[in-house]
Amino acid sequence: METQEQVLKKVAHPLEPLTGEEITRAAAILKAQKNLNESARFEQIGLHEPPKDVVLNFKEGDPINREAFAVIINRKDSTTHEAVVNLTNEEVISFKHVPGVQPSFLLEEYSELEELVKSHPDFHAALKKRGIEDPSLVMVDPWSVGYFGIEEDEGRRLLRALCFVKQFPEDNAYAYPLTGLLPVVDMNKMEIVRIEDYGVQPIAPKNALYKPELNDEIKVRTDLKPLEIVQPEGPSFTVEGHNIKWQKWDIRIGYTAREGLVLYTVDYEDKGKKRPVLYRAALSEMVVPYGDTNPAHDWQCAFDAGEYGIGQLANSLELGCDCVGNIHYFDAVMADSQGDVHRIPNAVCLHEEDHGLAWKHTDWRTDEVEVRRSRRLVISFFTTVANYDYGFFWYFYTDGRIEHEAKLTGILNVGVLGEGVKTRYGAEVAPQVFAPTHQHIFNYRIDTHIDGQKNSVQETNTVASRPDENNPHLNGFYHETTTFKTELEAQRKMNLETARGWKIINPNSKNFIGQPVAYELVPGENASPFLHDESSIVKRAGFIKNHLHVTQFDSDQMYASGKYPNQNKGGIDSLEHYVKENRSIDNEDIVVWYNMAVHHIVRPEDWPVMPVHHIGFKLKPHGFFDGNPALDLPRSIKSESKSCSNTESKSCH
């Protein structure tokens with residue numbers, strides 16, 4: 001093992017993720033100095049991010065103090081501790097008991113749950129009631145139990161098992177849900193607490209095979225010609241460690257077991273000056289409530305980041321399948337529950353794409369055409385949370401725009417219906433197989449840094465002018481602008497009727513026409529939740545009721561759902577409670593929190609594997625630049641393809 005001094009020589013910046021050597025060293029220090037026994041499990045070990053002033057004032061060659069943050073579960077006494085380890089000095093500088101919480105699930109617990117359930121005699125008896133004699137064909141998915149005030153569940157670390165059965169070993173078990181059969185498992189004691197059984201349901205009549213090798217009905221298309229992406233001179237980006245430079249952008253990335261990909265210190269070079277845009281941005285939480293009131297489903301609401309850890313469930317990406325072109329990959333390096341390294345090769349994909357036109361104008365009097373092509377830098381990862389697959393893509397454009405896109409695919413969460421039975425709370429996707437109507441609500445924590453740390457948020461609403469002498473043709477409309485002063489003011493919903501918009505401004509930095517420089521948050525698809533205020537979900541995640549929140553920066557407030565949403569009954573540690581402090585957010589170091597939601601009324605075309613659904617938002621410069629920052633893009637060279645009548649290489653202008 002390398003010494004910490006040797007590791008530090010390889011670490012060029014305070015925000016570089018922990019190396020594998022640093023993770024195992026942190027675990028060893030904690031085990032030795034805190035006498036951790038074999039019942040201790042590491043829920044996470046990651047970088048303890050240094051204070052902002054340390055990062056923003058860092059210069060190449062400065063000494064770097066490395067610290068690790070860890071969450072430790074003791075399975076024997078069901079306690080949770082948070083620890084900070086100084087790796088430079090090799091000492092534990094903080095070790096704090098956190099009472100009454102349940103950290104997110106460990107990777108090993110998924111397989112442990114399945115093995116325990118499938119070997120239990122009471123579960124075998126429940127299977128036999130359904131005519132299933134071979135437990136090896138049963139598939140068990142772990143699901144969080146939520147919080148419903150069940151007395152026997154208090155203080156236990158629980159998972160609920162969602163069960164399916166295959167007809168043969170290579171089958172897609174999701175086609176045959178064992179709806180209403182729900183073992184509940186204490187993961188610390190590794191024992192079944194109870195088996196909830198809401199009655200025997202039929203086995204669905206039709207398979208859902210999506211691999212052509214297994215399904216003769218899938219006739220693979222043979223008329224797709226090759227489409228190649230070629231960069232003969234290589235990509236336009238450069239990478240050093242986790243620092244990426246591309247087309248005036250300077251971006252640092254990180255990775256955590258909970259959030260996955262994290263953007264750090266995003267800057268744009270303008271007129272030779274590096275201008276900050278973001279300090280930190282990442283997915284904060286993903287709340288997925290299901291609308292079916294049947295007791296087989298009415299408990300289902302996943303907090304995919306806080307309960308499962310989407311970062312630890314990421315895919316290893318493959319060239320030509322997940323990413324196309326000239327690719328640079330980053331491994332994700334995390335801890336497993338024993339404090340060893342959990343490495344996901346090729347977890348993050350970096351590449352650039354052509355993106356159509358950047359700008360164009362034709363002078364119809366002279367027939368002169370000026371056109372520039374756009375391209376974008378893409379940083380992405382994909383994660384699989386049981387049945388669903390999610391991709392998270394950050395795009396950077398040559399005109400200073402930033403865009404985020406989530407891609408949803410995978411397999412629906414389904415149940416079975418009795419023959420002839422209908423439900424108002426979902427829709428059939430195959431004979432006797434239905435999926436509940438549900439939502440995917442994504443929350444993003446965006447720590448803005450628009451030309452500096454002191455920012456504000458403005459809201460614009462457009463109104464129609466009144467009929468008067470100044471509006472004789474009744475066509476007038478204009479926008480009104482409000483600057484939020486406090487956190488409670490900034491709990492806002494979208495409003496199409498007023499074309500509501502939000503800008504993050506720096507009141508201390510003005511553009512060449514005297515306006516505060518700004519970036520606009522541009523929503524895309526969205527929806528509102530359909531949950532009662534007294535529901536368990538809203539009590540645990542009340543932040544989903546608004547699309548926008550703004551808070552004063554607090555390094556301890558990193559997640560909209562709080563540090564420990566798993567089995568949390570709500571009430572204190574979550575975004576809707578952070579804002580009750582009602583701190584000043586005008587010309588302060590602020591954080592913008594944005595919710596976007598997919599409202600999913602399912603359709604047969606979503607089965608057996610859902611075509612990718614895209615949802616996202618943009619951060620668009622709005623007075624940040626003194627004009628179009630993409631004017632300096634080079635003219636494109638005309639293609640020498642067969643479709644061109646003139647095969648000489650000429651500029652497109």
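Colleague: Is C163 buried or exposed?

Modeller: This is a predicted model, in which local features need pLDDT of at least 70 and side-chain atom pairs count only at pLDDT 80 or more, while totals for chains, interfaces and linings use all residues. Residues are numbered from 1 along each chain as its sequence is written, and side-chain values use heavy atoms, with hydrogens and water left out. Buried means under 20% relative accessible area, exposed over 50% and partly exposed in between, with a 1.4 Å probe and protein chains only. Since the relative accessibility of C163 is 2%, this residue counts as buried.

Colleague: How far is the sulfur of C321 from the nearest cysteine sulfur?

Modeller: C321 is exposed, with a relative accessible area of 60%. This cysteine is in no disulfide, a term that stands for a pair of cysteine sulfur atoms within 2.5 Å. The nearest cysteine sulfur belongs to C323, and its distance is 9.6 Å.

Colleague: Which residues form a disulfide, and how far apart are their sulfur atoms?

Modeller: A disulfide is a covalent bond between the sulfur atoms of two cysteines. The structure holds one disulfide, and it is formed by C323 and C349, with sulfur atoms 2.3 Å apart.

Colleague: How many residues apart in sequence are the parts that this pair ties together?

Modeller: Helices (H or I, at least four residues) and strands (E, at least two) are DSSP runs, numbered from the N terminus. C323 counts as buried at 1% relative accessibility, and C349 counts as buried at 0%. C323 lies in the loop between α6 (304-308) and β15 (328-335), whereas C349 is in strand β16 (residues 341-363), so the parts tied together are 26 residues apart in sequence.

Colleague: Which strand gives the most to the lining of the second largest cavity?

Modeller: On a 1 Å grid over the protein atoms alone, a cavity is a set of points where a 1.4 Å probe fits but cannot get out, and lining residues have an atom within 4 Å of a point. The second largest cavity has a volume of about 60 Å³, and the residues that line it include L162, C163 and F164. With three residues, the strand that gives the most to this lining is β6 (residues 158-165).

Colleague: What is the volume of the largest cavity?

Modeller: A search of the whole structure finds five cavities of 30 Å³ or more. Of the 13 residues that line the largest cavity, the closest to its centre are W143, A302, D304, V385 and N387, and the elements that give two or more residues to the lining are β5 (138-143), α6 and β18 (388-397). A volume is the space filled by probe spheres set on the grid points, which are joined across faces, edges and corners, and for the largest cavity the value is about 110 Å³.

Definitions and conventions: 1 Å grid on protein atoms, 1.4 Å probe; cavity = no way out; pocket = protein on both sides within 12 Å on 5 of 7 lines; lining within 4 Å.
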